[in-house]
Amino acid sequence: MPLTSVAADTPYKLPTALSIQKPARLSGAKLNVIAGSSAIPSWSNTTITTTDASLPNTAIAAIKKLLTYQDSSSKTFKGIGWWQSANAYWEILNHDILRSTSTFASTRTALAQLIAQGPPSGTEGASSTTGLRNVYNDDTLWWSLAASDAYSLSQSTTFITEAEKLWDWINDTSVITQTGIAPNMGGIKRTEVLSTDCSLEGGVYWTTHLTETYVNSITTGLFFLQSARLYEFTKEAKWFNHANIALQWLQRHTVDARTLVGDGINGKSCSVSSQPYTYNTGIYIGGLVSLYKSTGNTSYLTEAEEAGVAAMETTVWTDGAGMITEEKGATSNSDGAGFRSIMIRNLVQLFKTTSNTQVKQEIKGFVNVNYNAVYKNARSGNDYDGNWFGPFTTAQSWGQLAVVDLLNAGMVVNA
């Protein structure tokens, strides 16, 4: 059955007591972070040990080093992929947002140039000669979010226009509104029939490939987050509506009993890939925080707090003492190299938003544990290794990409 949507010009009244409807598997499985009756981990009291410069200047120096990998012509970053370049822009722009500065205003200029000229020749999945669209829908949405941060800093229509255009492309071609058919949406005539047995409506296809059947958490989560952010900017009802539809899909399918977010679901067989990754849960937290900020509805914030604590305490990707183990021992770039930083980026948003002192203390300790390890074991001057456990081996763009969000976080939580 097709989903209903709210037109942008439809008068809309925000519900005063909207609740998040969770599947039965989530009931009773939450960590008790709100009542404050459970002890927070001892590592929550970790402090920054030592740095050669102030925390803001340490982050600035690392960003300047990252910018040495930016190609002067294409404005993308050497040694990392298209989606990772989007995250390089996002974390640099986010630094200026977090500090209310224009230290890296040139990054906005570079992004505007990239929007005008389009991706460089040979970019994997490039699907347009101008703008930032890609056949990988998650890649498209990473760029949409980066453009949103540029808009937050500049109020330039260049950036909000691109952000909305990329969102529109995903919505028109890849948000599932009906199953039991091979959808033809936005000129993308897909060839595979989606099962009617797994309630896929509201999810987002991973790609625009005609044979695509995978509906994944990162693409749906990014659509959720960007819909929520666009609602923050505009208060237009359609963004709020789409954010909640995507949120409901995630909670039906891939948010598990630990409040960690699994990878996705096959739209033909309904088989679930339950392996959780840091960035899936991080984006989930970010979307919830954004909806809370624009609505004041504490249901969203409570869920974000639960997911945040779960993300920091799980042993799926930590050592149980606050240190992230994802990509431990990595010696070369991979998609996973940047996953950790995305989770930390969104934990910072939760830190800045929540008034729960236990949650804030735990985020601070978590950031500091990882900060101390990286600074001591995986650094040489202003260069950082992608393996946060060390030792430092060689300067590379992917290691620099992975650390900027952590250094930004240290600056915020220890201010």
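**Exercise 1.** Locate Ser-100 in the chain and determine whether Ser-100 counts as buried or exposed.

*Solution.* Ser-100 is placed in the loop between α2 and α3 (105-117); helices are DSSP runs of H or I with at least four residues, strands are runs of E with at least two, and both are numbered from the N terminus. The model is predicted: local features need pLDDT of at least 70, side-chain atom pairs count only at pLDDT 80 or more, and totals for chains, interfaces and linings use all residues. Residues are numbered from 1 along each chain as its sequence is written, and side-chain values use heavy atoms, with hydrogens and water left out. Ser-100 has 67% relative accessibility and therefore counts as exposed (buried is under 20% relative accessible area, exposed over 50%, partly exposed in between; 1.4 Å probe, protein chains only). Although Ser-100 is not a glycine, its phi is positive, about 55 degrees.

**Exercise 2.** State where Lys-75 lies and what its phi is.

*Solution.* The loop between α1 (55-67) and α2 (82-99) holds Lys-75. Its phi is positive, about 70 degrees, although Lys-75 is not a glycine. With a relative accessible area of 16%, Lys-75 is buried.

**Exercise 3.** Identify the contacts of Ser-148, leaving aside neighbours within four places in sequence.

*Solution.* Ser-148 belongs to helix α4 (residues 137-154). Its relative accessible area is 0%, so Ser-148 is buried. Its contacts (heavy atoms within 4.5 Å) are Ala-163, Gln-226, Arg-229 and Phe-233, leaving aside neighbours within four places in sequence.

**Exercise 4.** Describe the peptide bond from Gly-390 to Pro-391.

*Solution.* This bond is cis, with omega near 0 degrees. Pro-391 is found in the loop between β7 (383-384) and α12 (397-413).
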